[in-house]
Amino acid sequence: MKGVYIVGASGSIGTQALDVIREYSHEFKVIGLSLGHDLVKAKQIVEEFKPEIICLREKKEFNLSYKPIIVYGDSGLLEIAKYKKLDNEVFVNALVGISGLMPTVVAIKAKKDIALANKETLVVAGDIIKSLIKDNNVKLTPIDSEHSAILECLQGENKADVKRLIITASGGSFRDRTRSELIGVTKKEALSHPNWSMGSKITIDSATMMNKGFEVIEAHHLFDIPYDKIDTILHKESIVHSMVEYNDGVIKAAIGSADMHTPIAYALRYPKHEHITNKPLNLIGLNLHFEELSFDRYPCLEYAYYAVNRGGIYPAVLNAANEAAVWLFLNDKIEFLDIEKIIHDEITNNKYESVEYSLDKIISISLDIMKNIKERYDR
Ligand code: MG
């Protein structure tokens, strides 16, 4: 039996992870869960899986048929990360935002394997996380469809033979619009993604293509491939989940229907391919298209490369500016195109150059940036 902890269990990735665990209940025992604001849904999940420890956002009446340990808020997430029951445990991080960073750190130190859906962990602190993974001798597997695909394509291969990683992008909700057609777009339009059903933050990040920028940074850390060997490509069908090109011209692609259960099952049971998808892909009549993903159309993608080139704490600056800007957009405080403007202003500011690259600084600078940006526009 492998012990499972899921933070963000009632979100999109969390509930799909629970579907996979339900399918493999003879292999996994849910020990800890963190749940969101919807207490009806939370109760349903908790009563089904009966974890020993649960984390709620805040103290509220929560009557159950049994007595688990109940913890609250950000400190509660760390309690879950640190809890220990079995020798063999995995921590599924399905939180959104930089609040996912410290739970990952604490879970690694508690010798849990990590199945990572929280993007910000590797974006802001990739090098720190990598050395923690090594020092604590645990495994980290990606849940994102693109990184799961690259992991598949690298199986049995020698990294020296890799010419480049090619990360595919669906193009997000505004892919058929020109830049001038982005003026005045609404939140509702931004939130309707053509191919994937996801949480609201990541759907906006897909529309700005910041999400792809984050995935480039994550891929660099996950697979130890330099940034000049990581490319992106527009692929509207979301059938090719990503590719690896080798020096002899061979391109390996992981192809399948757009169903997050597949990468979640792969991450949890790596390297097994037993999960039966309910969306098998029919190859007959399939048309696949690829187009250039241009920096002119999607400046946020360029900002990601810019931030990693600046190095140090700049990827954290990039993330914090984005996190605040997306929050402002989702709360009707700014226009869609203001998101990239806010990010640009922050990452081109020289004042972060001398900031030390450490967990403490990453968190404190991120919180400062988010607070300042929100205050500037939140009126
Ligand atoms: Mg993705």
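Predicted model: local features only at pLDDT ≥ 70, side-chain atom pairs only at ≥ 80, totals over all residues.

Visitor: What makes helix 8 largely enclosed by the rest of the structure?
Guide: Helix 8 spans residues 200-208, and seven of its nine residues are buried, so the rest of the structure largely encloses it. The buried residues are K201, T203, I204, D205, S206, A207 and T208.

Visitor: Which helices do the buried residues of helix 8 pack against?
Guide: They pack against helix 5 (119-136), helix 7 (187-190), helix 9 (210-223), helix 11 (299-310), helix 12 (314-330) and helix 13 (336-347).

Visitor: Why are D144, E146 and E215 called donors of the magnesium ion?
Guide: A donor is an N, O or S atom within 2.8 Å of the metal. The OD of D144 and the OE of E146 and of E215 lie 2.1 to 2.3 Å from the magnesium ion, so they meet that cut-off. Along the chain, the donors follow the spacing D-x1-E-x68-E.

Visitor: How do you know whether D144 and E146 are buried or exposed?
Guide: The term buried requires a relative accessible area under 20%. D144 has 11%, so it is buried. E146 has 8% and is therefore buried as well.

Visitor: Why is H147 called buried?
Guide: Its relative accessibility is 0%, so H147 falls under the 20% limit. H147 is placed in helix 6 (residues 145-153). Apart from neighbours within four places in sequence, H147 is in contact with P142, E215, E218, A219, L222 and F223. One of these, E215, is also a donor of the magnesium ion.

Visitor: Where does D224 lie, and what is its phi?
Guide: D224 is in the loop between helix 9 and strand 9 (230-234). Although D224 is not a glycine, its phi is positive, at about 55°.

Visitor: How do you know that helix 1 and helix 10 meet?
Guide: Contact means heavy atoms within 4.5 Å. On that basis I13, Q16, A17, D19, V20 and I21 in helix 1 meet H261, I264, A265 and L268 in helix 10. The residues of this contact divide into seven nonpolar, two polar and one charged. The two helices pack at an angle of about 60°, with their axes 9 Å apart, and the crossing is right-handed.

Visitor: What makes up the contact of helix 11 with helix 12?
Guide: Y303, A304, A307, V308 and R310 in helix 11 meet Y314, P315 and L318 in helix 12. By class, there are seven nonpolar, no polar and one charged residues. Here the packing angle is about 145°, and the axes are 7 Å apart.

Visitor: What makes the peptide bond from Y270 to P271 cis?
Guide: The bond is cis, with omega near 0°. P271 lies in the loop between helix 10 and helix 11.

Terms used: Residues numbered from 1 in each chain as written. Heavy atoms only, no water. Donors = N, O, S within 2.8 Å, 3.2 Å for Na, K, Ca; no water. Buried < 20%, exposed > 50% of the residue type's maximum accessible area, 1.4 Å probe, protein only. Axes fitted to C-alpha atoms, helices over the stretch in contact; angles between N-to-C directions. Helix = DSSP H or I, 4+ residues; strand = E, 2+ residues; numbered from the N terminus. Left-handed = near helix turned anticlockwise from the far one by under 90°. Nonpolar A, V, L, I, M, F, W, Y, C, P; charged D, E, K, R; others polar.
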